[in-house]
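Please open the model in your viewer and keep the sequence beside it, so that each selection can be followed step by step.

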Amino acid sequence: METNDANKNKLTPAEIRKFKATLLNKLTEILGNVTIMESEALHRDRSDLSNMPIHMADLGTDSYEIDNIIGLVDSERKILVEVNDALSRIEDGTYGICEGRGEPIGKQRLKAIPWARYCVACATLLEKGLLAKKKNQDYYGAFPDDTDDDD
């Protein structure tokens, strides 16, 4: 019965091609977004609220807006790294396999987050700090499906 569940979650070559196309589209979108945001941050026009060469309110607003743009760019770059890693996993044949458990990631999760590294259970543990990487890239933590036979 487990074999049927595993086969149901295994990605077909056509599905992998579709996910690859989705990831490449996301990559293009992010690169465009980052380029626009960086250009906007670097080439901002200051509004002239007074006759002073530089108005203090302008400096505060500009600083806030540039910090906000930098935060957005940083967030986009993190997703860019994840998308690139997902494309690498497609190439090496490990795409769609949870890095925490080594089992297939559900197709619905991959449709929602095509660069997902973890199944929902492991992602939840990771968010709670219960799953962490060791130096040798092994993972440790409590998995929801783990049961003790000592009961």
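A salt bridge is a side-chain nitrogen of Lys or Arg within 4 Å of a carboxyl oxygen of Asp or Glu. What you see is a predicted model, in which local features need pLDDT of at least 70 and side-chain atom pairs count only at pLDDT 80 or more, while totals for chains, interfaces and linings use all residues. Residues are numbered from 1 along each chain as its sequence is written, and side-chain values use heavy atoms, with hydrogens and water left out.

**First stop: arginine 117**

Select arginine 117 and glutamate 99, which form a salt bridge whose closest N and O atoms are 2.9 Å apart. Arginine 117 lies in the loop between α4 and α5 and glutamate 99 in the loop between α3 and α4, so this pair ties together parts that are 18 residues apart in sequence. The helices named here are DSSP runs (H or I, at least four residues; strands would be E, at least two), numbered from the N terminus.

Is arginine 117 buried or exposed? With a relative accessibility of 17%, arginine 117 counts as buried, where buried means under 20% relative accessible area, exposed over 50%, and partly exposed in between (1.4 Å probe, protein chains only). Glutamate 99, at 22%, counts as partly exposed.

Next, select arginine 89, which forms a salt bridge with glutamate 99, the closest N and O atoms being 3.8 Å apart. This pair links distant parts of the chain, with arginine 89 in helix α3 and glutamate 99 in the loop between α3 and α4, 10 residues apart. Arginine 89 has a relative accessibility of 6% and counts as buried.

The structure holds eight salt bridges, and another of them can be found by selecting glutamate 29 and lysine 26, whose closest N and O atoms are 3.6 Å apart. Because they are three residues apart in helix α2, glutamate 29 and lysine 26 are separated by about one helical turn. Glutamate 29, at 42% relative accessibility, counts as partly exposed, and so does lysine 26, at 23%.

**Third stop: the cysteines**

A disulfide is a covalent bond between the sulfur atoms of two cysteines. Here it is taken as a pair of cysteine sulfur atoms within 2.5 Å. How many disulfides does the structure hold? It holds zero. Select cysteine 119, which is in no disulfide, and you will find the nearest cysteine sulfur, that of cysteine 122, 3.7 Å away. Cysteine 122 is likewise in no disulfide, and the nearest cysteine sulfur to it, that of cysteine 98, is 3.6 Å away. Cysteine 119 is buried, with a relative accessible area of 12%, and cysteine 122 is buried too, with 0%.

Turn to helix α5, where Cys122, Ala123 and Leu125 are buried. These residues cover an arc of only 160° around the axis, which puts them on the same side of α5; the arc is that of the directions from the helix axis to the C-beta atoms. On the other side of α5, Val120 and Glu127 are exposed. Glycine 129, which follows α5, has a positive phi, near 80°.

**Last stop: the core**

A nonpolar core is a set of buried Ala, Val, Leu, Ile, Met, Phe, Trp, Tyr and Cys residues joined through side-chain atoms within 4.5 Å. The largest one has 26 residues, of which Leu23, Val83, Tyr95 and Leu110 touch the most other members. The helices α2 (13–42), α3 (56–92) and α5 (120–127) each supply at least two residues of this core, and α3 gives the most, with seven residues.
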